[in-house]
Amino acid sequence: MAIEYLCKVCRGHLNVKNSIILAASKVSNRTQRGLILLNPELGNYSTTTHPSFKIEEGEEYIYTCPICSSQLNSAKYPHLVRILMIDENKKEHNIYFSGIAGEKCTFKMRGNKVEEKKGPDIKIYGKYFEVPEEDRKYL
Ligand SMILES: [Zn+2]
């Protein structure tokens, strides 16, 4: 079974053919919006958009599900976006990536445990998922 990506709200399938399809709009100018195709390979940050919708580095984007229009930006972790991944073994994971264009970081989580992290910018958000040393003994 292939890896599937789902909307965290409606659980609709976001991956079609070789892309994850989301709708995006620029926070500082919501009229700049369109569809964005993401690479489903974790750590691959290539994106595709229509030429009329250019993603600007350093700008933050609101990502929404193209099926139910729910916002996918995380309320818990500012500047990160969350979608669901179902792996080959049908296990469910949370995938977080940056809503700020140009930032390369991906966190794959199961429960509150980071299973995988990718990208040179993970240090920006690492603090979200770190367990303080003094709390580790309680885990
Ligand atoms: Zn949805």
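Which protein donors hold the zinc ion, and how far from it do they lie? The donors are Cys7 (SG), Cys10 (SG), Cys65 (SG) and Cys68 (SG), at 2.3 to 2.4 Å from the zinc ion. Here a donor is an N, O or S atom within 2.8 Å of the metal (3.2 Å for Na, K and Ca), and because water is not among the atoms, sites may look incomplete.

Before going on, a word on the model. It is predicted, so local features need pLDDT of at least 70 and side-chain atom pairs count only at pLDDT 80 or more, while totals for chains, interfaces and linings use all residues. Residues are numbered from 1 along each chain as its sequence is written, and side-chain values use heavy atoms, with hydrogens and water left out.

**The zinc site**

The angles among the four donor atoms run from 102 to 113°, and the site is tetrahedral. That word applies to four donors if all angles lie between 85 and 135 degrees. Along the chain, the donors follow the spacing C-x2-C-x54-C-x2-C. Strands (E, at least two residues) and helices (H or I, at least four) are DSSP runs, numbered from the N terminus.

Cys65 is buried because its relative accessible area is 1%, whereas Cys10, at 32%, counts as partly exposed. Buried means under 20% relative accessible area, exposed over 50%, and partly exposed in between, with a 1.4 Å probe and protein chains only.

In the loop between strand 1 and strand 2, Arg11 has phi near 60° and is partly exposed at 40% relative accessibility. In the loop between strand 6 and strand 7, His79 has phi near 75° and is partly exposed at 34%.

**The pockets**

A pocket is an open set of points on a 1 Å grid over the protein atoms alone, where a 1.4 Å probe fits, with protein on both sides within 12 Å along at least five of seven lines; lining residues have an atom within 4 Å of a point. Grid points are joined across faces, edges and corners, and a volume is the space filled by probe spheres set on the points.

| Pocket | Volume | Lining by class |
|---|---|---|
| Largest | about 470 Å³ | 15 nonpolar, eight polar, four charged |

The largest pocket has a volume of about 470 Å³. Of its 27 lining residues, Leu38, Asn44, Tyr45, Thr47 and Phe97 are the closest to its centre. Strand 8 gives the most to this lining, with three residues.

**The hairpin**

Strand 9 (residues 106–110) and strand 10 (residues 113–118) pair in the antiparallel sense over five bridges; pairing requires at least two DSSP bridges. Met109 stands opposite Val114 in strand 10. Two residues lie between the strands of this hairpin, where Gly111 takes a positive phi near 60°.

Key. Ala, Val, Leu, Ile, Met, Phe, Trp, Tyr, Cys and Pro count as nonpolar, Asp, Glu, Lys and Arg as charged, and the others, Gly among them, as polar. Four donors count as tetrahedral if all angles lie between 85 and 135 degrees; four count as square planar and six as octahedral if opposite donors are over 155 degrees apart and all others between 65 and 115; anything else is irregular.
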